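This report walks through one protein model, from its strands to its pocket. Keep the structure open while reading.

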Amino acid sequence: MIRRPPAAGMSLVELMVVMAIGAMILGAAMAMLLRAVSLQTTAIDHYAGTVALARLGQELRGDAHAARTITATAEGEAARLTFELLSGRRAEYEIVPAGIRRVVSGGSKPMLNDLYVLRGTQALKLRAEDDGRSASVVLARVEPVPGHDAVIGSPFEITAVIPARREPAPPSP
C-alpha cells in the first residue's frame, strides 16, 4: 500500500482560530488608533488654548505699557477693562461666552476686533486696581467631568502694570 503525504493545508478549525486571533489583534489596534486620535484632538485644543492665553497676556501687557489709565466697569453680567492709550485710542477687553474680546478704537469706530477663544479655560473676571495703574484677568482651567457640569480648577491671573514714566527734564538755560 502506498502512503500519501499529509495534505499541505489547514483544517477549518485552525483557520477559524487564526481568524479569531487576527480579529482580536485588529480590534485592539483600532481601539489604540481611536484613542491616539482622541488624544491628538485634546492636545491640539490644549495647545490652541495656551497660544490664545499667551497672545492675550502679550496684548494686555502691551496695552498697559501704552496706557495712561486703566478702568474696570461692570454692567450687569458684562465686565469690561478699558485702557486709555497714550495715542488717544482706547483698548477694551470684555468677557464673552467664547472667551475674551479685545476692541481697539480710535474715536467712535473700532479699528481692531480680536477674540481670544479660551479652550479649556474660563475667564472669571476682569479687574483694575483703584489707582488705575494695573489690571488683571482672572481665569481658571475647566476640567470636564462626565455626567456633571465642568469643574473649575484653581484660578490664576494675567496681570499688567502701567510702567512709571519719566518726566522730560526741563530745558537748561
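Two strands pair if DSSP finds at least two bridges between them. Helices (H or I, at least four residues) and strands (E, at least two) are DSSP runs, numbered from the N terminus. With these terms, the bridge partner of Arg90 in β4 is Ser105.

**Basis and confidence**

This is a predicted model, in which local features need pLDDT of at least 70, side-chain atom pairs count only at pLDDT 80 or more, and totals for chains, interfaces and linings use all residues. Residues are numbered from 1 along each chain as its sequence is written, and side-chain values use heavy atoms, with hydrogens and water left out. The score pLDDT is the predictor's confidence in each residue, from 0 to 100. The protein averages 84, and 91% of the residues score at least 70. Helix α1 has the highest confidence, at a mean of 92, and strand β1 (residues 67-75) the lowest, at 83. Where pLDDT is low, the predicted coordinates should not be read in detail.

**Strand pairs**

| Pair | Bridges | Residues between the strands |
|---|---|---|
| β3 (residues 90-96) and β4 (residues 99-106) | seven | two |
| β6 (residues 121-128) and β7 | seven | five |

Both are hairpins. In the second, Lys125 has Val138 of β7 as its bridge partner. Gly132 takes a positive phi near 70 degrees in that hairpin.

Thr82 lies in strand β2 (residues 78-85). Is Thr82 buried or exposed? Its relative accessibility is 7%, so Thr82 counts as buried; the cut-offs are under 20% relative accessible area for buried, over 50% for exposed, and partly exposed in between (1.4 Å probe, protein chains only).

Contact means heavy atoms within 4.5 Å. Beyond four places in sequence, Thr82 touches Thr69, Ile70, Thr71, Arg90, Ala91 and Glu92. Glu92 belongs to strand β3. With neighbours within four places set aside, Glu92 contacts Thr82, and also Arg80, Leu81, Arg101, Arg102 and Val103.

Gly88 sits in the loop between β2 and β3. Gly88 is exposed, because its relative accessible area is 53%. Its C-alpha atom is 26 Å from that of Ala54, 34 residues away along the chain.

**The largest pocket**

On a 1 Å grid over the protein atoms alone, a pocket is an open set of points where a 1.4 Å probe fits, with protein on both sides within 12 Å along at least five of seven lines; lining residues have an atom within 4 Å of a point. The largest pocket is lined by Thr42, Asp45, His46, Arg119, Gly120, Arg141, Val142, Glu143 and Pro144. Two elements give two or more residues to this lining: α1 (12-65) and β7 (134-143).
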